[in-house]
Amino acid sequence: MNFKIPERKRKTIKRLYKIALVIIGLAIVIFNDTFGKLEGFVEFIALYFILVFITIAHWLFKQIKSLIRLKNEKVKTELMHLKSQVNPHFFFNMLNNLYGLVDKDSKKAQELILKLSDMMRYSIYDGEKDRVLLSEEIAYLENYIELHKMRYHKAIDIQFNIETNDTNYEIMPLLFIILLENAFKHGVENLRENAYVHITLTAHNSELTFEIENNFDETQDNPETGIGLKNLKRRLELVYPKKHTLTISKTDTIYNATLNIKGL
């Protein structure tokens with residue numbers, strides 16, 4: 001039989017217990033000379049201070065636990081906010097392209113709608129999760145690449161190499177999309193010819209490396225200053241503290257980003 005004390009009674013008992021400790025403490029201080037002559041007073045004092053120590057330790061534990069909970073809630077809230085900012089303009093661009101395709105090529109428009117709906121479903125529902133399978137993230141990237149292939153009317157050299165025997169690693173959702181999006185937005189989109197995006201993803205022994213390289217027009221904006229990259233860096237700090245490195249290098253016309261995560 002489970003015996004549960006009502007919350008109100010429990011709070012009253014705690015309050016009376018603390019008041020009793022204070023009153024006993026004051027009595028010890030005020031009547032120390034009188035009580036000091038009584039047999040067993042030293043043992044009583046020892047027991048009293050043990051109770052005081054346990055009470056203070058319990059209070060400190062609750063305060064620390066509360067602070068940790070608040071910090072975790074703050075981190076989760078910030079992560080949710082950061083996730084909500086990931087690639088919304090891409091969907092707007094694709095919807096605009098669909099509008100123009102509906103009359104010109106209805107079959108192609110239907111394919112775009114299916115892939116776009118898969119991506120939106122992943123972003124909205126799976127993007128809210130703490131972890132997703134690596135295979136799911138790969139499928140999301142592949143859909144993104146296919147949509148861009150349909151979108152552009154020019155030859156693009158796109159290579160996506162996956163080197164792993166296990167795609168069941170669990171990772172933070174929407175982890176690579178910012179880097180891939182930047183490659184298209186700041187590279188492919190502004191080049192009339194010879195545009196390329198080369199991606200290599202390796203995952204072995206609980207370590208993952210995502211490397212992406214693309215060429216770009218040096219007269220265009222620097223992708224390193226965009227909000228998307230700042231967003232990614234902050235998310236990595238929150239989810240993979242001291243377990244990741246993000247290295248970015250740039251020559252006159254080639255941009256390379258390498259993300260490494262250990263301890264998956």
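The model is predicted: local features need pLDDT of at least 70, side-chain atom pairs count only at pLDDT 80 or more, and totals for chains, interfaces and linings use all residues. Residues are numbered from 1 along each chain as its sequence is written, and side-chain values use heavy atoms, with hydrogens and water left out.

**Exercise 1.** Describe the surroundings of E137.

*Solution.* 
- Step 1. Locate the residue: E137 belongs to helix α6, residues 134-151. Helices (H or I, at least four residues) and strands (E, at least two) are DSSP runs, numbered from the N terminus.
- Step 2. List its contacts (heavy atoms within 4.5 Å). Neighbours within four places in sequence aside, E137 is in contact with Y122, V132, I171, M172, P173, L174, L175 and F176.
- Step 3. L174 is not a glycine, but its phi is positive, about 55°. Its relative accessible area is 2%, so L174 is buried.

**Exercise 2.** Identify the residues that touch the most other members of the largest nonpolar core.

*Solution.* 
- Step 1. Define the set: a nonpolar core consists of buried Ala, Val, Leu, Ile, Met, Phe, Trp, Tyr and Cys residues joined through side-chain atoms within 4.5 Å.
- Step 2. The largest such core has 52 residues, and those touching the most other members are L134, L175, F176, L180, F210 and I212. Helix α6 gives the most to this core, with eight residues.
- Step 3. Apart from it lies another core of five residues, including L21, I28, Y48 and V52.

**Exercise 3.** Determine the accessibility of the partners in the salt bridges K129 with D126, K149 with E146 and R234 with E237.

*Solution.* 
- Step 1. The structure holds four salt bridges, and three are treated here, starting with K129 and D126, whose closest N and O atoms are 2.8 Å apart. D126 counts as buried at 17% relative accessibility, whereas K129 is partly exposed at 38%.
- Step 2. For K149 and E146 the closest N and O atoms are 3.6 Å apart. K149 is partly exposed with a relative accessible area of 41%, and E146 is partly exposed with 31%. These two are three residues apart in α6, and therefore separated by about one helical turn.
- Step 3. R234 and E237 meet at 3.2 Å, N to O. They too are three residues apart, in helix α8; R234 is partly exposed at 32%, and E237 at 44%.

**Exercise 4.** Compare the span of α8 with its expected value.

*Solution.* 
- Step 1. The expected span is 1.5 Å times one less than the number of residues.
- Step 2. Helix α8 (residues 227-239) has 13 residues and reaches 18 Å from its first C-alpha to its last, close to the 18 Å expected.
- Step 3. Buried residues of α8 are L229, N231, L232, R235, L236, L238 and V239.

Conventions: Buried < 20%, exposed > 50% of the residue type's maximum accessible area, 1.4 Å probe, protein only. Salt bridge = Lys/Arg side-chain N within 4 Å of Asp/Glu carboxyl O.
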